[in-house]
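Visitor: I'd like a quick tour of a protein model, please. Could you walk me through it?

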Amino acid sequence: MAPLRLTIEKGHFQDDHGRQVTLRGINMAGDAKFPSNPDQPSHVPMDFFDGDSVNFHSRPFPLEDAHLHFSRLKRWGYNTIRYVFTWEAIEAAGPGIYDEEWIQHTIEVLRLGRSYGFYIFMDPHQDVWSRFSGGSGAPMWTLYACGLNPQSFAATEAALVHNTYPEPENFPKMIWSTNYTRMVCQVMFTLFFAGRDFAPKCIIDGKNIQDFLQDHFVNALAHLAKRIHEAGDLEDQIVIGWESMNEPNRGLVGWQDITVIPSEQKLQKGTSPTAWQAMLTGSGRACEIDTWDFGGMGPFKSGRVLVDPQGESAWLPTDYDESRYSYKRDPGWKLGECIWAQHGVWDPSTDTLLKKDYFKKNPKGEVLDYEVFTNTYFMDYYRKHRDAIRSHHKDCILFCQPPVLEIPPSIKGTEDDDPKMVYAPHYYDGLTLMTKKWNRYWNVDVFGVLRGRYMSPAFAVKIGETAIRNSFRDQLSAIRQEGLDYMGNHPCVLTEFGIPYDMDDKYAYKTGDYSSQSGAMDANHYAVESSSMAGYTLWLYMCQNKHHLGDQWNGEDLSIFSLDDQPLPLSPLPPSPSNGSTTSLVHKAGPMSKKAFSDESAVNPGNLKDKLKTPSISSDAKACDAPPELTNAPGYRAAEAYVRPSPIWTVGKIVKSGFDLRNCIFTFTLKAHKPSTEEKPTEIFLPEFHFPKDQCEIVVSSGKWTITTDDEDGGMIQKLRWWHVEGEHSIKVTGVQRQQNMALGREEEEGYLDQCQQSKCSVM
């Protein structure tokens with residue numbers, strides 16, 4: 001049996017030669033959130049409720065485009081992919097009906113990714129439960145199974161859905177995330193995680209709704225895992241692991257009083273109902289509800305409005321014909337009435353609240369909070385998920401993702417302290433994400449506020465860009481430390497972080513000036529690199545991103561790639577002949593390497609060029625060859641901030657590693673327990689844009705090095721290979737320091753990156 005390509009030893013990833021592996025990854029791809037047939041991004045209302053007949057057969061992209069996307073990501077230095085897919089893609093047509101064509105497409109995409117050397121882990125993605133409740137993830141039939149009527153969510157504000165919004169182009173930015181605290185999500189997540197305790201009357205197909213939902217979700221994932229296993233050439237070699245459900249939520253579990261907004265609910269925007277108000281409007285009653293907005297200092301109350309569904313209910317009518325699906329609802333679960341009314345929480349005949357603390361305790365009388373939820377209800381689900389996947393992929397690495405920014409489960413030293421587990425938190429700079437502005441002057445230590453580290457939130461304000469960057473670093477370090485304290489010695493991989501590109505009313509799209517995006521992106525990467533995490537997967541790569549539509553999902557625009565922007569050139573310098581006599585610089589790109597598939601190549605082998613939807617851009621292209629998608633002011637989309645050097649394989653343990661973008665200096669310190677071998681030294685990704693091989697200054701504390709672009713990676717990336725003896729050693733690489741945006745004829749704006757990144761030649 002071949003050795004595992006990636007293992008975990010003492011809290012670190014290792015390759016089959018014992019070198020420490022750093023996962024430098026990307027989420028691929030945002031396109032997977034919505035169907036390909038029909039192509040139904042979130043701004044398209046047509047046929048939206050025909051959710052049983054959709055398919056995802058071309059997600060994340062058509063098979064013929066796979067080499068284009070894989071080569072692009074490889075060129076940018078990524079070695080890891082978080083493979084985004086949804087439950088809906090597997091089981092859209094109805095309970096237990098799996099889409100084998102999509103599964104086969106997925107297997108073929110994964111198979112093509114193998115030749116690029118990626119580590120891929122599977123991400124069963126969801127946002128606010130489903131597309132039909134304003135996000136992505138679960139099939140439409142899950143909502144009907146819970147007695148809900150998706151076609152009435154708009155009138156009742158049970159969920160705010162972009163596809164059904166009266167003016168999709170004016171859908172409020174980032175308001176989709178408030179669906180977690182609206183009725184549909186509160187119902188669905190409560191039933192999914194805790195239906196047995198809080199909705200015992202909800203019996204379907206002879207089991208509680210909790211088991212019905214969890215079994216279908218987990219079985220669908222296990223079916224995909226089985227098919228990947230049966231493929232024979234993917235498991236462990238390309239697919240190294242699986243993540244648990246993306247961004248799980250507790251619903252109403254542990255809410256102390258449903259008549260008030262919990263103090264821990266930090267996100268409020270638009271109408272902000274209490275859970276009790278959401279129950280009333282969800283049942284057709286009119287309510288006056290507070291409205292909130294998000295400003296520079298966070299959320300603030302902006303007014304009060306009347307939400308009047310005029311009698312329309314978010315629950316299915318009593319006489320609804322359920323024969324379209326195969327399930328059978330128990331007679332004790334009545335359609336046409338709120339399930340919480342059926343469980344005695346309120347009386348719909350008088351609209352009287354009877355049990356405002358219904359969700360405060362479990363049936364045993366134990367008081368619940370988010371930490372208890374994570375350690376009980378979430379962990380019960382996680383074990384079921386883990387065991388189902390491992391029944392097919394026995395050596396699978398499990399990426400455990402507890403609720404976002406909550407305390408991780410206390411499993412250190414228990415049976416759940418799994419040696420093949422990874423802690424997989426998420427982190428976003430909320431101020432930048434919500435306001436879509438990069439504020440260089442102040443930000444807030446949100447994690448510190450959530451953990452009660454300040455007497456007042458005012459003390460959590462960080463002034464100045466250096467303080468902001470250090471605050472991001474400290475927050476990520478604290479997140480990592482919590483994983484060690486509560487879960488045990490496991491690698492911590494930040495599986496989501498990112499920035500909005502449509503900052504400042506899309507100023508960059510009008511001018512080509514991406515200095516704000518570059519500053520924000522660099523600050524986030526600096527934080528990850530300085531926090532000693534084992535790796536990350538940046539959100540997001542979106543194949544069909546365009547300036548006017550962004551990621552085509554809820555108004556978000558976080559993709560590092562856009563059809564309307566130029567790819568970063570390979571090098572800031574014109575091509576020059578290789579210096580064959582220089583012993584420390586080696587270039588060995590094969591003539592038929594995968595390099596030919598990348599954006600920067602003028603030639604594509606195998607007639608792929610005729611099939612590409614996006615023309616490639618060469619560093620020596622003529623002006624007339626510019627793709628028609630490019631706007632009048634194309635930029636590099638702040639690529640200089642995410643195409644950055646990073647250790648790939650380290651002989652020994654990483655002590656510290658980081659990239660100073662402003663001065664274009666990469667520093668790296670390791671501690672080796674043995675000398676590196678001739679065949680497998682320490683290897684570092686060294687992007688040619690920052691470090692053209694003839695213009696690098698390299699200082700090492702010991703050992704010898706070489707810079708290569710060789711056939712091992714298909715001639716696609718430049719690497720620094722470093723041979724050293726045992727002990728602690730360091731390397732410093734200084735590249736080309738440039739100003740930003742001058743390649744596009746733009747003057748640099750004031751900010752942290754005044755002296756940053758600039759090419760000396762333009763890409764037309």
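Guide: Here are a few questions and answers about this predicted model.

Visitor: How many of the 16 residues of α6 are buried?

Guide: Buried means under 20% relative accessible area. Helix α6 is largely enclosed by the rest of the structure, because the buried residues number 14 of the 16.

Visitor: Are E108 and R111 buried or partly exposed?

Guide: These two form a salt bridge, with their closest N and O atoms 3.0 Å apart. They sit three residues apart in helix α3, so about one helical turn separates them. E108 has a relative accessible area of 25%, and R111 comes in at 28%. Buried would need under 20%, so E108 and R111 both count as partly exposed.

Visitor: Which residue in helix α15, 115 residues from R644, forms a salt bridge with R644?

Guide: R644 lies in the loop between α16 and β22, and the pair links distant parts of the chain. At 0% relative accessibility, R644 is buried. The closest N and O atoms of the pair are 2.7 Å apart, and the partner is E529.

Visitor: And how many salt bridges does a search of the whole structure find?

Guide: Another one joins R644 to D522, at 2.9 Å between the closest N and O atoms. Searching the whole structure, the total is 44.

Conventions. Residues numbered from 1 in each chain as written. Predicted model: local features only at pLDDT ≥ 70, side-chain atom pairs only at ≥ 80, totals over all residues. Heavy atoms only, no water. Buried < 20%, exposed > 50% of the residue type's maximum accessible area, 1.4 Å probe, protein only. Helix = DSSP H or I, 4+ residues; strand = E, 2+ residues; numbered from the N terminus. Salt bridge = Lys/Arg side-chain N within 4 Å of Asp/Glu carboxyl O.
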